[in-house]
Amino acid sequence: MIDTGITAGEPGPDDAALDLLCDLIRRRSVTPEDAGCLELIAERLKPAGFTCEFMPFGEVSNLWARRGTVGPLLCFAGHTDVVLPGPIENWSSDPFEPDLREGRLYGRGAADMKSGLAAMVTAALQFVAAHPRHSGSIAFLLTSDEEGRAREGTKKVIEALSARNEAIDWCVLGEPSSREHLGDTVRIGRRGSLSAIATVHGVEGHVAYPEQVDNPIRRFAPVLDELHETVWDEGNEFFPPTSFQVVSIASDGGAPNVTPGELKARFNFRYSTVWTSETLKGKVEKLVSAHDIDCTLDWHLSGEPFLTEEGRLTEAVVKAVYEESGLRPELSTGGGTSDGRFISPAGAAVVELGPVNASIHKPDENVSVADVASLTAMYRRIMELLLRAE
Ligand SMILES: [Zn+2]
């Protein structure tokens, strides 16, 4: 039992996943802090036969826990870190003290994604107890650096696993994928994210002598227009059309009578599997160089797009969701990036199934208590469908 400061009359927290979720919310694991979350999870997994390996990189804590030595390997993945709570006065209760009100549990990380972690760990313990001789292996790949730079988390662990030829066959990420009801949406891929800073070089000067200046704002305006007008692709069955967005432009001569010598613009593409970062960069560079402009482009790739084709993993996930909720999930590639971008390129089929995402990164973040139990049942069913020995 837990002490959650629960109001009298609420249903008792007799659920193991809810118990673990409350323990995790109490740990103030703001990126890149783990605040003991991984230790807590490892202590639950070890007695069930998981070999727990801590893989710290820089100030980031990571855990690789595995039960079994043979394939196929079903991995549950996620992050213990949470975003800052913002102004405390916007919360109805302490963001790091789980609070149960009218069937919902409130606290930072309740939806993104400590409920996913609590459900997957609890589901694995239940599954292992019922099927100690399951086929294949079960693993957990958990990090404390997903919400931040994400450079020393899942990415590094995957590199370390690949270096020793340890390959994940199926991966379920517990990110909050659902829109209105638990299981209504399962992510089977993500768009790529590619950013650039364009620096346009000009010649500053007095506004009264236009023949002596080269105004970078004027040079860049038609380029920006063409970037906006270009239809990059039409999208496809799984991806919406690729989108271009400019997020900032800075150029200032510093006085009303001085033209600027330089312009900096920052923009981002969210792109489908029609492109790779290299082909997209090539297209943009060609577009820019067709204009009379002196421009350098500094690129930053957050992640290539990925798509998990239909197969045993997607079938098992859809079946598990349907059996538990009666919903047939939409298989989607929407939303922002996730650590799936690091796991998929290593050859794993990756899906994301987690709670409703309406309150994530907001004050009063919360999850339905009933959904935590249902999500646990879905994860357990996925293990049964993929790993139970015949
Ligand atoms: Zn998340």
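What follows is a short chat about the structure above.

Biologist: What kind of model is this, and how are residues numbered?
Modeller: This is a predicted model, where local features need pLDDT of at least 70 and side-chain atom pairs count only at pLDDT 80 or more, while totals for chains, interfaces and linings use all residues. Residues are numbered from 1 along each chain as its sequence is written, and side-chain values use heavy atoms, with hydrogens and water left out.

Biologist: How many helices and strands are in the protein chain?
Modeller: The protein chain has 9 helices and 19 strands. Both are DSSP runs numbered from the N terminus: helices are H or I with at least four residues, strands are E with at least two.

Biologist: What box do the C-alpha atoms fill?
Modeller: Roughly 80 × 45 × 40 Å, along the principal axes.

Biologist: And what share of the residues is buried?
Modeller: Buried residues make up 51% of the 390 in the protein chain. Buried means under 20% relative accessible area, exposed means over 50%, and partly exposed is in between (1.4 Å probe, protein chains only).

Biologist: Switching to T333. Where is its place?
Modeller: T333 sits in the loop between β17 (330-332) and α8 (340-343).

Biologist: Buried or exposed?
Modeller: T333 is buried, because its relative accessible area is 2%.

Biologist: What does the T333 side chain reach?
Modeller: The backbone oxygen of F238, at 2.3 Å.

Biologist: Which residues is T333 in contact with, beyond four places in sequence?
Modeller: Among them are R187, I188, G189, F238, F239, P240 and L307. Contact means heavy atoms within 4.5 Å.

Biologist: OK, V258. Which strand is that in?
Modeller: V258 lies in strand β13, residues 258-259. V258 counts as partly exposed because its relative accessibility is 27%.

Biologist: What are the contacts of V258, leaving aside neighbours within four places?
Modeller: V258 is in contact with G205, V207 and G253.

Biologist: And how are V258 and R179 separated?
Modeller: Their C-alpha atoms are separated by 51 Å, and the two residues are 79 apart along the chain.

Biologist: New topic: α3. What does that helix reach from first C-alpha to last?
Modeller: Helix α3 (residues 114-130) has 17 residues and reaches 24 Å, close to the 24 Å expected at 1.5 Å a residue. The expected span is 1.5 Å times one less than the number of residues.

Biologist: Why is α3 called largely enclosed?
Modeller: Because 13 of its 17 residues are buried, α3 is largely enclosed by the rest of the structure.

Key:
Polar contact = N/O pair within 3.5 Å; in protein donor to acceptor, adjacent residues only side chain to side chain.
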